[in-house]
Amino acid sequence: MNHKYIVTLTEEERQELRALVQKGQTQGYRIKHAQILLKLDERPENQGWTYEKIKAAYHATPHTISQIAKRFVTGGVEAALGRKEQANRHKKIDGRVEAHIIAIACSQAPEGRERWTLQLIADELVRLGVVGSISDTAVMETLKKTNLSLGKRRNGAFQSPGRSL
């Protein structure tokens, strides 16, 4: 195999991977990654295993195969068996922002409007400095999660009959 990252397993690593595959008592992707690593190992019996054959045998893309090899070379067996770490997965909407969204949605609509739209709520959050930026979809998901319906009596957002819209 003529690839950038060459996988050379020790006998101990080979035994560990074989045991993992034979047990089958872990997540499917870990078993699949272990099988791929065993075929990528630079041993005489694996010379026939090209990326194309591994791709066909384990239904993996060449990119996935090369990433498994890269993670093994740079981080070891455990890194290769796991999935890529997700970066920037922080939530923009916490309890404080959610409270502002609900407060805005329940407040009087801006002048010239009958009700708040999702985009108006998002714009108001940015204007107030609650968040740097937010999409109307994020506002929708938050309101959906809270079961907030501006027409129901029981949620505190109902206009009393004496007040004009």
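Analyst: Before we start, contact here means heavy atoms within 4.5 Å. And keep in mind that this is a predicted model.

User: Got it. Which residues does Arg14 touch, not counting residues up to four places away in sequence?

Analyst: By that cut-off of 4.5 Å, Arg14 touches Leu9, Leu38, Asp41 and Arg43. Arg14 itself belongs to helix α1, residues 11-23.

User: Why does Arg14 count as buried?

Analyst: Its relative accessibility is 9%.

User: What makes the link between the side chains of Arg14 and Asp41 a polar contact?

Analyst: A polar contact needs a pair of N or O atoms within 3.5 Å, one able to donate a hydrogen and the other to accept it. The Arg14 and Asp41 side chains are joined at 2.6 Å. The side chain of Arg14 has a polar contact with the side chain of Glu11 too, at 2.7 Å.

User: How do you know whether His33 is buried or exposed?

Analyst: Set its value against the cut-offs: under 20% is buried, over 50% is exposed. His33 has a relative accessible area of 9%, so it is buried. It's found in helix α2, residues 28-40. Leaving aside neighbours within four places in sequence, His33 is in contact with Ile68, Arg71, Ala80, Leu81 and Gly82.

User: Let's zoom out. What elements run through the protein, from the N terminus on?

Analyst: The order is α-α-α-α-α-α-α-α. That's eight helices and zero strands. Of the 165 residues, 30% are buried. And if you take contacts between residues at least 6 apart in sequence, 54% of them join residues at least 24 apart.

User: Which residues of α7 and α8 meet?

Analyst: From α7 you have Leu118, Gln119, Ile121, Ala122 and Leu125, and they meet Asp136, Val139, Met140 and Leu143 of α8. By class, that contact has seven nonpolar, one polar and one charged residues.

User: How do you know where the buried residues of α8 sit around the axis?

Analyst: The buried residues of α8 are Val139, Thr142 and Leu143. They cover an arc of only 95° around the axis, so they sit on the same side of α8. As a rule, an α-helix has 3.6 residues a turn, so residues three or four places apart point the same way. What covers the buried residues of α8 includes α6 (95-106) and α7.

User: And what does the face of α8 turned away from its buried side carry?

Analyst: That face has the exposed residues Lys144 and Lys145.

User: Last pair: at what angle do the axes of α3 and α4 cross?

Analyst: The axes of helix α3 (residues 51-58) and helix α4 (residues 62-75) cross at roughly 105° and come within 9 Å. That makes α3 roughly perpendicular to α4, given the range of 65 to 115 degrees. Tyr51, Ile54 and Lys55 of α3 make the contact with Pro62, Ile65, Ser66 and Ala69 of α4.

User: What classes do the residues of the contact of α3 with α4 divide into?

Analyst: Five are nonpolar, one is polar and one is charged. Lys counts as charged and Tyr as nonpolar, in case you were wondering.

Definitions and conventions:
Residues numbered from 1 in each chain as written. Predicted model: local features only at pLDDT ≥ 70, side-chain atom pairs only at ≥ 80, totals over all residues. Heavy atoms only, no water. Helix = DSSP H or I, 4+ residues; strand = E, 2+ residues; numbered from the N terminus. Buried < 20%, exposed > 50% of the residue type's maximum accessible area, 1.4 Å probe, protein only. Arc of directions from axis to C-beta. Axes fitted to C-alpha atoms, helices over the stretch in contact; angles between N-to-C directions. Parallel < 35°, antiparallel > 145°, perpendicular 65-115°, else oblique.
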